[in-house]
Each structure stands twice: as C-alpha cells, then as structure tokens.
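Good morning, colleagues. Please turn to the structure on the screen; I shall speak about the interface and then about the cavities.

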Amino acid sequence: MAVSNWTNRFDIVWLRASAELHRDVTRTYLGILWWVIEPLLYMTAFYLIFALGIRGGEGGGGFVGFLLAGLVVWKWFSTTVIQGAGSLLANRGLMQQVYLPKFLLPLIPVTSNTLKFLLVLVLLLVYVWIFQRPPGWDWLALVPVLLAALVLVTGCTLFSAALVPFAEDLRMLINNGMLLLMFLSGVFFNVAEFPEGVRGWFYLNPLVGLLEAVRAVLLSPGLPDWWRVAYAALFGGTLGLFGIVVLVRFDRVYPKRVA
Amino acid sequence: MGTHDQCLLSVSSAGVAYPAGGVFSRHKHWALADVSFDLYDGEVVGVIGRNGAGKSTLLKLLAGIIEPDRGTVWHKPGVRASLLALQVGFLPTLTGEENAVLSCVLLGMTRKAAKTRLASIAEFAEIGDAMSEPLSTYSTGMRARLGFGVALAASPDVLLIDEVLGVGDAPFRRKSSAMLRERIAGGQSAIVVSHSANTLKELCSKLVVIDQGRSVFSGPMEEVLPQYEAMVANG
C-alpha cells in the first residue's frame with residue numbers, strides 16, 4: 001500500500017507535467033520552438049539595451065554568452081515560482097472533487113519547467129561550445145551547481161505555493177516583484193564588479209551567487225565559488241522544508257480556503 | 001469501539017466551519033454543525049435535506065477532502081471513501097485515453113493499474129476509436145460517458161454520490177443509473193445525497209435528515225421518511 005501510494009503520487013506529478021508540456025507544444029503553431037524563441041527574444045532586447053546602448057558596444061561577443069547563461073537560469077526560476085505560487089488556486093476545482101496531497105501541486109510546474117530548462121540548456125551549451133569555449137572536464141561542475149539551482153527553485157516554489165492561499169497578496173507581490181528581483185539578481189550585469197560595500201548585500205540574494213557559478217563554470221576555465229552554491233542550496237532547502245511542513249499541516253484546510 | 005467490526009464509517013457530532021473574512025479574522029461560518037450517523041458494510045445510506053443544509057460539505061468531509069473542526073469522522077482502517085466525481089482533472093488537449101488514465105491516477109490508482117482498466121472504460125463509455133482523439137473533439141455526452149466510465153472503474157470501498165444519476169443523454173442516463181443500482185445490489189457500500197425523497201427511497205435502506213447543519217433524524221428508511229415529510233410539511 002505504502003509503495004503504491006508513492007507510485008501514485010509520482011504518477012500524478014509526472015502525468016500532469018507531461019500534459020502541460022504537451023499543451024505547450026500543441027496549442028501554438030511554433031510549438032516547442034517557443035521554449036527557445038522566448039529566451040532569445042529577451043536576450044536580443046537586453047543585448048541591444050545593455051551591450052550596444054549603455055555600454056556603447058564594448059561588451060562584444062562575450063556578453064551574449066554572459067546574458068544567455070543568466071537568462072536561461074533566471075527564466076527557469078521565475079516561471080516556476082510564478083506558476084507554483086498559483087498552483088493551489090489553479091487546481092481549486094480538482095481539490096473539491098478528490099483528496100490529493102497538496103504538496104504535489106507545486107511540484108508539477110517544477111517538473112515541467114525543469115524539463116524545458118534542460119532542453120534549452122543543451123542549446124546554451126552548444127552555443128558556448130561554438131562561439132566561446134570548447135567543453136572541458138570542468139563543465140562537470142555544472143551538475144552540482146544545477147542541482148543547487150533545482151533545490152532553490154523547488155524550495156521557493158513550495159514556499160510560495162504553501163502561503164499564497166492564506167494571503168493572495170503574496171501572489172501579487174511575487175508577480176510584481178519578479179521584475180525587481182531580476183534586476184537584483186545580476187542577470188545582465190556582473191555583481192562582482194560592484195563596489196565592495198554594495199556587493200555584500202547583493203550576495204544575500206542566492207540567485208546572484210548561483211548565476212555567477214553557472215557562468216564561472218561555462219564561460220571561463222576554473223571552478224565556481226562553492227560556498228555561494230551551498231548557500232543557494234541551503235536557502236532553497238530551508239524555504240522548501242518550511243513549505244512542505246505548511247502544505248502537510250494544512251493539507252485538508254486548503255480546500256476550504258480556496259473554495 | 002467493539003461495535004465497529006462491520007462499521008465502515010462513523011460520524012459523530014461532526015461540525016465543519018469555514019473561515020469567513022481575511023486570514024486574521026476569527027469569524028467562522030458553521031456549514032455543518034452537528035452530524036452523527038454510521039455506515040455499515042454493504043449498506044446504502046441516503047442523506048436528505050434542503051438546499052444549503054450542508055449536504056455537499058458532508059460529502060467532502062466523508063471523502064477526506066476536509067477535516068471536521070469538531071467531533072470525529074472515523075474510517076475503518078484501509079477503507080477508501082470517495083466521491084463519484086465525474087471528469088476529474090480532464091484536460092481538453094489530451095486524448096480520451098490519456099484523460100482516462102490521468103483521471104484514474106487522480107482518483108488514487110497507479111498508472112499501470114489505470115492502463116489495465118482502459119478497455120473496460122472505453123467499452124462502458126461506448127467511445128470506441130475516439131479514445132485516441134483529443135477530448136476537445138468530444139461532444140458533451142461523450143465526455144460525460146467517459147467521466148462516468150472512469151468513476152466506475154475507480155471503485156472505492158465507499159461510494160459517495162451527489163445526485164449525479166442524471167448525466168448524458170436519456171439512454172445513457174438509464175444505463176448509468178442501472179449500472180449504479182447493479183453495483184449497489186452487488187453489495188457496494190454507498191452514501192447518496194439528494195433533495196429528492198423518491199430517488200433515495202429506491203436506493204437506500206437508511207435515511208439521515210439534515211437541517212441547518214444538524215442531523216435531526218436518522219434510522220431505517222420507513223421510519224425516518226414520514227418524519228422528514230412531516231418536517232417539510234410543517235415548514
């Protein structure tokens with residue numbers, strides 16, 4: 001019984017996540033291409049503004065890789081957290097028909113967006129290989145870095161999914177705060193170049209260290225700052241644990257709150 | 001608890017309150033105030049009451065979707081009670097087959113187990129080749145039939161029914177209600193909620209009357225039905 005219970009839970013998340021990917025692919029003419037077009041459009045916009053505009057063209061080719069690496073990871077984080085924050089509300093009807101463990105609901109966007117991210121990551125690696133740097137053994141360091149990123153994404157998603165039904169204001173805060181957070185995460189600038197006094201504050205945001213780590217591995221030889229990677233994992237792990245505890249504790253209260 | 005050997009489900013002085021107002025508000029609305037009754041193995045209990053008496057809340061409570069805020073709801077260990085819920089989690093872009101599997105999984109089956117039921121679901125729903133077409137191409141009747149087929153395949157220990165005996169077109173309505181009756185005659189334990197005394201008289205051996213969130217009468221159908229009718233007649 002216990003084993004089939006967990007199989008059932010895994011099946012729920014897996015089937016719903018693949019249904020979401022399937023819908024993405026079938027409902028538009030370009031289908032799966034949108035997963036690639038979207039970051040490319042962002043990239044072009046930021047490149048025009050930051051490399052050619054503000055920096056007066058001195059950024060050059062290196063800036064494209066820098067931007068892409070940041071954007072791809074950022075997109076994974078922001079889309080998942082936004083979808084996850086609304087995941088209990090989006091399934092309010094389902095929740096009234098059957099009992100299902102609520103912590104599964106935010107894990108659905110985590111799964112679907114992580115699969116999308118992996119596809120886009122492959123394209124990013126190809127780009128870096130062709131235009132910036134051939135792959136080396138140090139690319140393997142990407143595995144622990146991305147695992148830490150997965151912990152951070154999952155943790156923030158569980159945390160927001162757990163709290164949003166108690167105060168929908170939080171959802172508005174997340175939706176509106178994402179843009180600000182993008183500016184604070186070093187998606188299109190290098191925080192390491194900031195003055196000493198300001199930098200420390202920026203690193204409190206775990207995304208800053210994480211994006212730096214991804215770039216450190218991909219774009220230049222050498223290894224990332226493991227302390228910053230560990231900080232991101234710890235940050236995500238703590239939020240995720242809190243989220244799970246709340247989701248389990250109020251498992252049968254949510255259907256009343258979001259009715 | 002020695003009296004529970006055959007008892008599948010026991011509700012005792014159960015109440016459910018819904019929060020009214022914001023997160024910090026202490027104000028509550030008691031949708032169910034004080035309900036008690038037992039369901040024994042193989043029994044069909046009818047629950048009757050006017051609109052707003054708390055019938056839907058009671059079903060959600062029995063299905064384990066929500067918990068009582070006072071009193072208790074006891075399930076015999078291992079007994080699964082679930083709503084006869086139609087078209088649970090159906091998504092228009094998936095095929096009939098994929099929807100049937102997804103729905104079965106949401107109702108508690110593993111994907112493997114769900115796939116073994118596909119043939120019987122398709123047969124019952126009279127859908128045939130369309131099972132591999134997207135649900136968005138289905139007529140309302142086809143969706144209803146597929147939904148009912150899945151609900152039957154899920155077969156919980158205690159079936160909770162919220163007057164859904166009328167889905168689909170007339171021939172299918174007859175077929176689905178015949179199917180339910182057959183299940184019930186075959187010893188399926190069930191709780192049927194309705195505001196129609198006629199439906200319940202046919203299906204149930206026991207009746208519970210709910211009024212303003214309280215179970216006011218409960219017992220054998222022939223005893224309780226006249227009490228209910230008297231209550232309704234007196235307003």
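Between chain A and chain B, an area of about 2,400 Å² is buried, and carbon and sulfur atoms give 64% of it. Please bear in mind that this is a predicted model. On the side of chain A, the residues that lose the most area to chain B are A:Gln97, A:Arg252 and A:Lys256, which together make up 28% of what that side buries. In terms of residues, 24 from chain A are in contact with 31 from chain B.

Which elements of chain A supply this surface? Helix H1 (2–26), helix H5 (92–97) and helix H12 (254–257) of chain A each supply at least two residues of the side that touches chain B. The largest share comes from H1(A), with 12 residues. Sorted by class, the side of chain A that touches chain B has 11 nonpolar, 7 polar and 6 charged residues.

In one salt bridge, the side chain of A:Lys256 meets that of B:Asp69, at 2.6 Å from N to O. A:Lys256 was also named among the residues that lose the most area to chain B.

Let me move on to the cavities. How many cavities of 30 Å³ or more does a search of the whole structure find? The search finds 2.

The largest cavity has a volume of about 40 Å³. Its lining is made of residues of chain B: B:Ser82, B:Leu83, B:Leu84, B:Ala85, B:Leu107, B:Ala151, B:Ala154, B:Pro156 and B:Leu159. Strand S5 (81–83) and helix H4 (140–154) of chain B each supply at least two residues of that lining. By class, 8 lining residues of the largest cavity are nonpolar and 1 is polar, with no charged residues.

The second largest cavity holds about 30 Å³ of space. Here the lining comes from chain A, namely A:Ser185, A:Gly186, A:Phe189, A:Asn190, A:Val191, A:Val208, A:Leu211, A:Glu212 and A:Arg215. What classes of residue make up this lining? The lining of the second largest cavity divides into 4 nonpolar, 3 polar and 2 charged residues.

Thank you for your attention.

Notes: Residues numbered from 1 in each chain as written. Chains lettered and ligands numbered in written order. Predicted model: local features only at pLDDT ≥ 70, side-chain atom pairs only at ≥ 80, totals over all residues. Heavy atoms only, no water. 1 Å grid on protein atoms, 1.4 Å probe; cavity = no way out; pocket = protein on both sides within 12 Å on 5 of 7 lines; lining within 4 Å. Points joined across faces, edges and corners; volume = space filled by probe spheres on them. Helix = DSSP H or I, 4+ residues; strand = E, 2+ residues; numbered from the N terminus. Nonpolar A, V, L, I, M, F, W, Y, C, P; charged D, E, K, R; others polar. Contact = heavy atoms within 4.5 Å. Buried area = accessible area lost by both parts, 1.4 Å probe. Salt bridge = Lys/Arg side-chain N within 4 Å of Asp/Glu carboxyl O.
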